[in-house]
Number of protein chains: 2
Amino acid sequence: MTSTSDALLIDLYELTMAQAYLSQGMTEEAVFEFFVRKLPPRRNFFMAAGLDQVLSYLEGFHFSDEDIDYLNQAGGFTPAFLTALKTLRFTGDVHAMREGDIFFPHEPILRVTAPLPQAQLVETRVMNLLNFQTMVASKACRSVLAAEGRPLIDFGLRRAQGAEAGLLAARAAYVAGFTGTSNVLAGARFAIPLYGTMAHSFVQAHHDEVQAFTHIATANPHHVVLLIDTYDTEAAAEKVVILAGRLRQQGIIIHGVRLDSGDLADHARKVRKILDRGGLTETRILASGNLDEDRVHALVHGQVPIDSFAVGTAMTTSADAPFLDCAYKLQEYAGRPCRKRSEGKATWPGRKQVYRHVGADRRLIGDVITIEGDHQHGRPLLVHVMETGQRLAPSPSLEELRGRAMASIAELPEPLRQLNLADPYEVRIAPALVELAQKVDRQT
Amino acid sequence: MTSTSDALLIDLYELTMAQAYLSQGMTEEAVFEFFVRKLPPRRNFFMAAGLDQVLSYLEGFHFSDEDIDYLNQAGGFTPAFLTALKTLRFTGDVHAMREGDIFFPHEPILRVTAPLPQAQLVETRVMNLLNFQTMVASKACRSVLAAEGRPLIDFGLRRAQGAEAGLLAARAAYVAGFTGTSNVLAGARFAIPLYGTMAHSFVQAHHDEVQAFTHIATANPHHVVLLIDTYDTEAAAEKVVILAGRLRQQGIIIHGVRLDSGDLADHARKVRKILDRGGLTETRILASGNLDEDRVHALVHGQVPIDSFAVGTAMTTSADAPFLDCAYKLQEYAGRPCRKRSEGKATWPGRKQVYRHVGADRRLIGDVITIEGDHQHGRPLLVHVMETGQRLAPSPSLEELRGRAMASIAELPEPLRQLNLADPYEVRIAPALVELAQKVDRQT
């Protein structure tokens, strides 16, 4: 999306409320926190992602003249409000968990402290950005755990929910530990390593497979991965063996073959034998085709000779849990802590911090959520990242975030690393926070 | 996304294959078709959407100088190929079902006929665009059917999978029969009617609900919908009754109240009584909060006094089926029909047309898929919409597409209108197509 339109990526009511706040002079400091209410089925943790895009959004937040013209024409907004919007910028503070951090339900991962209208106006897009990348990183981690070190490639763009989803899913998956993506735009924007093979259409456009394989290899000799399941997988593997000798004379190496359909375990075992027998022991097998973490896990644990996996739609759309039950809630206004008490949706009031305990074995033991200033043992997870609308540090590199994610995954205790539901991780509410909630309840 | 980046929204292998095609002079006419392999669980039909965005993409398809620079730097591409990319435009033809048309598995909804490299290069984004809006329109139809005429509003932006998903979901839902959206950008880009209420944070930022209600109503007097579930829903409804009298003296009408949590049926009944008893018989009740078509259906069939529904996340992400099992497959190259025979993924070869039979009761009876030129009784569904890269008609208005969608829904036979799985709709493969497939099989 172009930057001029970003400000209109907003629910109408944010503007309606901002108009009311401004008309009443309600511009004192507000504190909103973003958190997720509960884990999806079969999930044991979340991984935070998307902060960099949130901070860029906040830094660039403004309404263009075109935006104001549209709002004027849409009706319902006063000239005073539209004039105020023209010069409105985000001047608040942000505290947040870092991208790649593991977190659990009800733990705030982002806190916005800003004049009330600003903090309200950024709600929709902040949620939209954090929900999506956090959802994808949390999903992608599971494939990373299941693959046990084997490379994973994102192939999800074609069925991603739109352009930005494809782009940011590639980023979130890379942060979580994927090795690369097929998405060229993600390569261009984020310098994520690009991978690609060939499609069935390429084989079909040729009269036979050997001709197709020869053409793709000679046109792209630097990294040859041949798709061998268009007609008969094992017959194609035999053709690869014969072709490899001919290509070697031209200095071209067949790096790998791709399997995309049928019983992947059975085909991989047969193909591995054919390749090995033909002397192609270095030729790798890449598997794709509706893979998700469960299928990757089954193939890895079945000791199937697959060297790397392309995971697409299931990861990019987080197909088993395509949204997070997330919220961005007002926790304090003008120095007064607030709490939503709607049935089933109650929240903890005030500015909060999360402390994490790690055992002698360097694995997580438990977290404590408390109010800011109530210092606890352990590692505080929310860090001051933006002050008066400016980042306090440059964007970390994706490599740095990958390192953080890898360290976070290494800290997961064994039960949380499983794909199935484990006993819940301990997240305690500190007495200071319980007291604050009771105090707020007595006052409303 | 800016137009300069659209061409890089592509899987790497499209470029790799295009380089091979061009180096071999394989630029003869190719025919690709987009179709969906199967219905998601509990679904009885699809609704086509997204064609307008596909045609705009094809009309504007080009690689910018920046794109070429990136590809050059990424490596693997020859100077000859990069030079060819610079002037490459889409010069092909498109046949497609219209947006708002109902369709079924294996029926092509889009056919691209173009020189092979072009038809290949547009694959990723064409799939990305058609998959998403078709998925959302197909999902949104179900809420339209369940609501039985009550207005539906899209509230999905905050948990949409990225910016474009939020924008295009608003469009697809509007085509399918939603009344409007909260997404301001969708209002600006597509002139979709905007709706909004107020958030819990607005109530919490005030000292009490009456003050909050008064402020929002006086600041935005043209369309007042009050959120009444922040603390005690029925108590808030009583406050609304008292407030309504005061506001009426200022000429302000309370149009509605919104319920967002708890037992919506129970609250709606109690609130309706309170409002009616207070003389607010014209004040409407809007329900929101994790709604989907099943909850809408239950509320409508429970004769719960809810006048309109805001449906968000479940619709925007198509939560029960967050992608379609769609494909874009080569069906013919250089006059030779092709067929993919991969296990479980076989396709029908050749250029196809779909004919639809409608009974005397104006309800669908069955479809026939056949090869182009094999004229059948019934209504042909694929229409020539683009010739040599140019649209054959201007973009239809969204109102026109809504009309088409409404007519399509009206044609659905009763069993297909249910939310649960019906007996499959009859889609026959014509003898001419079966023969062609056999012929292709004999030749490969």
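The legends below describe close-up views of a predicted model.

**View 1. Strand 1 of chain B and its two strand partners.** Strand 1 of chain B spans residues 29-36, and seven of its eight residues are buried. Strand 5 of chain B (residues 110-115) pairs with strand 1 of chain B in the antiparallel sense, over six bridges. In this pairing B:Glu33 stands opposite B:Arg111 of strand 5. Strand 12 of chain B (residues 326-333) also pairs with strand 1 of chain B in the antiparallel sense, here over seven bridges. B:Ala30 has B:Tyr333 of strand 12 as its bridge partner. In a regular strand, side chains alternate between the two faces of the sheet.

**View 2. The contact between chain A and chain B.** Chain A contributes 83 residues to the contact and chain B contributes 83 residues. On the side of chain A that touches chain B, helix 2 of chain A (residues 12-23) gives the most, with eight residues. That side of chain A consists of 39 nonpolar, 33 polar and eleven charged residues.

**View 3. The two domains of chain A.** The domain assignment divides chain A into domain 1 (3-137 + 321-443) and domain 2 (148-316). Their centres, taken over C-alpha atoms, are separated by 38 Å.

**View 4. The contact between domain 1 and domain 2 of chain A.** Here 15 residues of domain 1 of chain A are in contact with 17 residues of domain 2 of chain A. On the domain 1 side, the elements that give two or more residues are helix 7 (123-147) and helix 16 (398-410) of chain A. Helix 16 of chain A supplies the largest share of that side, five residues. By class, the domain 1 side has ten nonpolar, three polar and two charged residues.

Note on methods:
Residues numbered from 1 in each chain as written. Chains lettered and ligands numbered in written order. Predicted model: local features only at pLDDT ≥ 70, side-chain atom pairs only at ≥ 80, totals over all residues. Buried ≥ 20, exposed ≤ 12 C-beta atoms within 10 Å, placed from the backbone. Helix = DSSP H or I, 4+ residues; strand = E, 2+ residues; numbered from the N terminus. Pairing = 2+ DSSP bridges. Contact = placed C-beta atoms within 7 Å. Nonpolar A, V, L, I, M, F, W, Y, C, P; charged D, E, K, R; others polar. Domains from an automatic or database assignment.
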